[in-house]
Amino acid sequence: MRIFQLTDFLVVVGYFGLRFSKILGRPSLTIFYPTESLIAVSSSEIVIRGSLADGDKLTLNNEEVTVNAEGLWFKNISLEPGLNVIEVKAKKFLGRETKITRRISYEPSFETLTPTSTPTSTD
């Protein structure tokens with residue numbers, strides 16, 4: 001009987017040893033777009049896309065983001081003119097986290113800034 005207990009103990013310890021990083025490690029977070037840490041865009045909206053493995057919760061600027069069954073996620077972001085900082089965090093149940101920051105400079109194009117109609121003169 002004692003041999004079975006020792007064997008059971010070794011199996012459990014071996015299992016946790018092999019799965020240590022999945023259980024207690026950091027989540028694996030990838031951002032597909034934007035890939036660079038600093039980009040400039042001329043559109044007032046952008047779609048941030050990525051994947052998450054081994055994480056329980058994903059937030060983008062402290063707002064929770066849904067991750068599908070394959071681990072893929074996306075989020076539409078409205079940008080303010082100038083520099084926008086986007087912080088993506090993935091957390092595990094036990095609190096370990098991975099964080100990626102992207103800086104997006106929104107520079108409205110000339111067409112966006114000009115009025116759509118031209119005033120007419122009343123001579």
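This is a predicted model: local features need pLDDT of at least 70, side-chain atom pairs count only at pLDDT 80 or more; totals for chains, interfaces and linings use all residues.

Residues are numbered from 1 along each chain as its sequence is written, and side-chain values use heavy atoms, with hydrogens and water left out.

Strand β4 (residues 57–60) is joined to β5 by two bridges in the antiparallel sense; strands pair if DSSP finds at least two bridges between them. Strands (E, at least two residues) and helices (H or I, at least four) are DSSP runs, numbered from the N terminus. Both β4 and β5 belong to an open sheet of five strands with mixed pairing, in the order β2-β8-β7-β4-β5. Because β2 (38–41) and β5 (63–64) stand at the edges with a single partner strand each, one side of each is left without a neighbour in the sheet.

With β1 (residues 28–33), β3 forms five bridges in the antiparallel sense, and Leu29 has Leu52 as its bridge partner in β3. Strand β6 (residues 72–78) also runs antiparallel to β3, through seven bridges; here Ser78 of β6 stands opposite Glu45.

Arg26 lies in the loop between α2 (20–24) and β1. Although Arg26 and Glu97 are 71 residues apart along the chain, their C-alpha atoms are separated by 5.7 Å. The side chain of Arg26 reaches the backbone oxygen of Glu97 at 2.6 Å.

Methods
A polar contact is a pair of N or O atoms within 3.5 Å; within protein, one must be able to donate a hydrogen and the other to accept it, and residues adjacent in sequence count only if both atoms are side-chain atoms.
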